[in-house]
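Here is a short report on a protein model.

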Amino acid sequence: LDLTIADALQFTFGQARQRFANHRRIHQVLQSACELGLDYLTLGQSSASLSGGESQRIKLVSELSAQRQGHTLYILDEPTTGLHHLDVGKLLKALRALVARGNTILLIEHDLDVLAEADQVIEFGPGAGELGGKVIYQGCPAGLAKSEGAWGQYLRQHSISPTAKCG
């Protein structure tokens, strides 16, 4: 390829994916990163400079590339923070792939698109910090709009009805 390591570290994940297209294993990892919306990061970027959401998605790339089959619990804290709406869709696709392999995902999240995709939602409250800690609602997303918690009130105020099936 006629590259130095320094040259390669300057590539974004998107550029590297194209450059290493003939290297199956490397390309697979880079493809996963791009599918999670990380194509703009450089290979040599310091992990200290990543946002919390970027760091969590980098870890997901590792998990998606590992080819493990199920029995893993993933806990993610607000992985959509700072993401563009289109990148939230990419994240959801990756999370669905992990669930399809038999894994369980627990998210601390406030994004409505993510909540609508959940199998189960647990809302704690009635407020934040010291005012929280009690289970306000537990069930499928469709029932959340009927709850008395902050999310139920918000959804009713904005005429939003999560449509994820209960089952």
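The report below takes these topics in turn. The model is predicted.

**Pocket and cavity**

Rolling a probe the size of a water molecule over the atoms shows where empty space is left. The largest pocket has a volume of about 950 Å³. Its lining counts 26 residues, and those closest to the pocket centre are Ile105, Leu107, Ala118, Gln120 and Val121. S2 gives the most, with five residues. By class, the pocket lining has 16 nonpolar, five polar and five charged residues.

How many cavities of 30 Å³ or more does a search of the whole structure find? The search finds one. The volume of the largest cavity is about 30 Å³. Its lining is made of Glu63, Arg68, Gly70, Thr72, Tyr74, Leu98, Arg101 and Asn103. By class, the cavity lining divides into two nonpolar, three polar and three charged residues.

**Nonpolar surface patch**

Leu73, Ile75, Leu106 and Ile108 form a nonpolar patch on the surface. Together they have about 390 Å² of accessible area. Strand S1 (73–77) and strand S2 (104–108) each supply at least two residues of the patch. Isoleucine 108 is found in S2. Its relative accessibility is 41%, so Ile108 counts as partly exposed.

**Salt bridges**

Side chains of opposite charge can pair when their charged atoms come close. The count comes to two salt bridges.

| Aspartate 87 | Lysine 90 | 3.5 Å |

Which helix holds both aspartate 87 and lysine 90? Both lie in helix H5, three residues apart, about one turn of the helix. Is aspartate 87 buried or exposed? Aspartate 87 is buried, because its relative accessible area of 16% falls under the 20% cut-off. Lysine 90 is partly exposed, with a relative accessible area of 32%.

Glutamate 117 lies in helix H6 and arginine 96 in helix H5, so the pair ties together parts that are 21 residues apart in sequence. Glutamate 117 counts as partly exposed, at 41% relative accessibility. Arginine 96 also counts as partly exposed, at 41% relative accessibility.

**Backbone**

Most residues other than glycine have a negative phi, and most peptide bonds are trans. Two sites in the model depart from this pattern.

Glutamate 78 has a phi near 50 degrees, a positive value in a residue other than glycine. Glutamate 78 is found in the loop between S1 and H5.

A cis peptide bond joins glycine 125 and proline 126. Omega there is about 10 degrees. Where does proline 126 lie? Proline 126 lies in the loop between S3 and strand S4 (134–139).

How values were computed:
Residues are numbered from 1 along each chain as its sequence is written. This is a predicted model: local features need pLDDT of at least 70, side-chain atom pairs count only at pLDDT 80 or more; totals for chains, interfaces and linings use all residues. Side-chain values use heavy atoms; hydrogens and water are left out. Patches are made of residues with over 30% relative accessible area and no salt bridge: like charges are joined within 9 Å, nonpolar side chains (Val, Leu, Ile, Met, Phe, Trp, Tyr) within 5 Å. Accessible areas come from the Shrake-Rupley method with a 1.4 Å probe; for residues, only the protein chains shown count as cover. A salt bridge is a side-chain nitrogen of Lys or Arg within 4 Å of a carboxyl oxygen of Asp or Glu. Helices (H or I, at least four residues) and strands (E, at least two) are DSSP runs, numbered from the N terminus. Buried means under 20% relative accessible area, exposed over 50%, partly exposed in between (1.4 Å probe, protein chains only). On a 1 Å grid over the protein atoms alone, a cavity is a set of points where a 1.4 Å probe fits but cannot get out, and a pocket is an open set with protein on both sides within 12 Å along at least five of seven lines; lining residues have an atom within 4 Å of a point. Grid points are joined across faces, edges and corners, and a volume is the space filled by probe spheres set on the points. Ala, Val, Leu, Ile, Met, Phe, Trp, Tyr, Cys and Pro count as nonpolar, Asp, Glu, Lys and Arg as charged, and the others, Gly among them, as polar.
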